[in-house]
Amino acid sequence: MSNQKLNIQWFPGHMTKAKREMQSMLSMVDMVIELRDARVPNASKNPLIDELVGQKPRLIVLTKIDKAEDEETKRWIQLLSNEYTVVVGVDVLHDNVKKIISENALFLMKEKRERQIKKGMNPRAVRCMVCGIPNVGKSTLINQIAAKKTLVTGDRPGVTKNTRWVKVNKDIELLDTPGVLWPKFEDEQIGILLAITGAIRDQVLPLEEVAYAALKYLKAYFPERLQEAYGVTIIENNYKLFLEIGRNRNLLQKGNEVDYNRTIETFMKDIRANRFGKITWERTDAVHE
Ligand code: GDP
């Protein structure tokens, strides 16, 4: 994950611009491919997307399923399917996303196309756009589908200059530029989930606070993984537990004392490197909008 990508700060001006760009892109497409992170499917939803997309058909794609719990991903897909017609989960890096996206996009547009055919019209290719908050996998997905590496990556709000259509197959065309939307800010809990999964940069929330929330979660749901990763006994006091983790990771400073700050940083690095295995950080049974 390149830090530069996460450097974008969402100021009201940026949001207004991103919104305007999104509206202008929406006017060019028949349907929307909305990406969310399978580890935090609710937290990674842009707060204004329902309003922006309106009635346009929307394919919901949960990305990074390789990092989320398989059972939880199934439950999320089921839950979201109550609200949206098509919800799929993908590992953008390894799945055949071109096939998955094009088949599901066509399925979503099937009735409309059949109506057109009945009226004797020859339906043109379905036009789609990809959108979502930073770091959710938009550029990677477009690159995979377009099978080229020429896309400008990076999250700049409103990059529609020189927008081109990528021909996916005879029935589907895709805007080569994603709609970059801002993440939720209003709720600290959600901010923490976005920080854990890397959607917002570390400077936005105190790393210590994020680390404590992550530790608490791991203790509640995966104590054995924590124990195994660091060879520690899980104790109630989180500060002391971090000191134990630091000691076992040999993160010491002068006088053989545990380097607490480095322990916090290392713990967060371990989380992002998937040291604890597949984790869904937002559970279907504890959704808070
Ligand atoms: P964007 O900001 O939405 O365009 O996100 P990117 O396409 O730049 O992806 C952000 C990071 O997530 C990159 O390091 C990608 O390699 C990684 N990534 C994207 N999709 C997946 C996925 O499904 N699984 C995993 N493990 N990593 C992914």
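**Entry 1**

I looked up which residue stands opposite Arg127 and found Glu173 in strand 6. Helices and strands here are DSSP runs numbered from the N terminus, helices being H or I with at least four residues and strands E with at least two. The model is a predicted one, in which local features need pLDDT of at least 70, side-chain atom pairs count only at pLDDT 80 or more, and totals for chains, interfaces and linings use all residues. Residues are numbered from 1 along each chain as its sequence is written, and side-chain values use heavy atoms, with hydrogens and water left out.

I then noted how strand 6 (residues 172-175) is paired, two strands counting as a pair if DSSP finds at least two bridges between them. Strand 4 (residues 126-132) runs parallel to strand 6 and is joined to it by three bridges. Strand 5 (residues 165-169) runs antiparallel to strand 6, with four bridges between them. On that side I found Lys167 opposite Glu173. Strands 5 and 6 form a hairpin, with two residues between them.

I checked the side-chain directions in strand 6. Ile172 and Leu174 point one way, and Glu173 and Leu175 point the other way. In a regular strand the side chains alternate between the two faces of the sheet. I recorded Ile172, Glu173, Leu174 and Leu175 as buried, where buried means under 20% relative accessible area, exposed means over 50%, and partly exposed lies in between (1.4 Å probe, protein chains only).

**Entry 2. Nonpolar cores**

I next looked up the nonpolar cores, each a set of buried Ala, Val, Leu, Ile, Met, Phe, Trp, Tyr and Cys residues joined through side-chain atoms within 4.5 Å. The largest has 60 residues, and those with the most contacts inside it are Met31, Ile33, Leu59, Leu174, Phe267, Phe276 and Trp281. Domain 1 (3-180) and domain 2 (206-286) both give residues to this core, so it lies between them. The domain bounds come from an automatic or database domain assignment.

A second, separate core has 17 residues, including Ala18, Leu26, Leu48 and Cys131.

I listed the contacts of Met31, a contact being heavy atoms within 4.5 Å. Not counting residues up to four places away in sequence, Met31 touches Pro57, Leu59, Ala105, Leu108, Met109, Val126, Arg127, Cys128 and Met129.

**Entry 3. Annotated positions**

I consulted the UniProt annotation "binding site", from an unreviewed entry, which covers Asn135, Val136, Gly137, Lys138, Ser139, Thr140 and Gly179. They span 45 residues in sequence, yet no two of their C-alpha atoms are more than 13.4 Å apart, so they gather at one spot. UniProt positions are given in the numbering used here, feature names are shortened, and annotations may be inferred rather than shown by experiment.

I examined two of these positions. Gly137 lies in the loop between strand 4 and helix 6 (138-146), and at 16% relative accessibility it counts as buried. Leaving aside neighbours within four places in sequence, Gly137 is in contact with Leu35 and Val92. Thr140 has its place in helix 6 and is partly exposed, with a relative accessible area of 31%. With neighbours within four places in sequence again left aside, Thr140 is in contact with Val92 and Leu93.

**Entry 4. Salt bridges**

I found that the structure holds 19 salt bridges, each defined as a side-chain nitrogen of Lys or Arg within 4 Å of a carboxyl oxygen of Asp or Glu.

I noted a salt bridge between Arg124 and Asp30, with the closest N and O atoms 2.9 Å apart. Arg124 lies in the loop between helix 5 (110-118) and strand 4, and Asp30 in the loop between helix 1 (12-26) and strand 1 (31-37), so the pair ties together parts that are 94 residues apart in sequence. Arg124 is partly exposed at 44%, whereas Asp30 counts as buried at 14%.

I noted another between Asp176 and Arg164, the closest N and O atoms being 2.9 Å apart. Asp176 lies in the loop between strand 6 and strand 7 (179-180) and Arg164 in the loop between helix 6 and strand 5, so the pair ties together parts 12 residues apart in sequence. Asp176 is buried at 4% relative accessibility, and Arg164 is partly exposed at 46%.

Finally, I recorded that Glu34, Arg36, Lys45, Asp50 and Arg58 are linked in a network of salt bridges.
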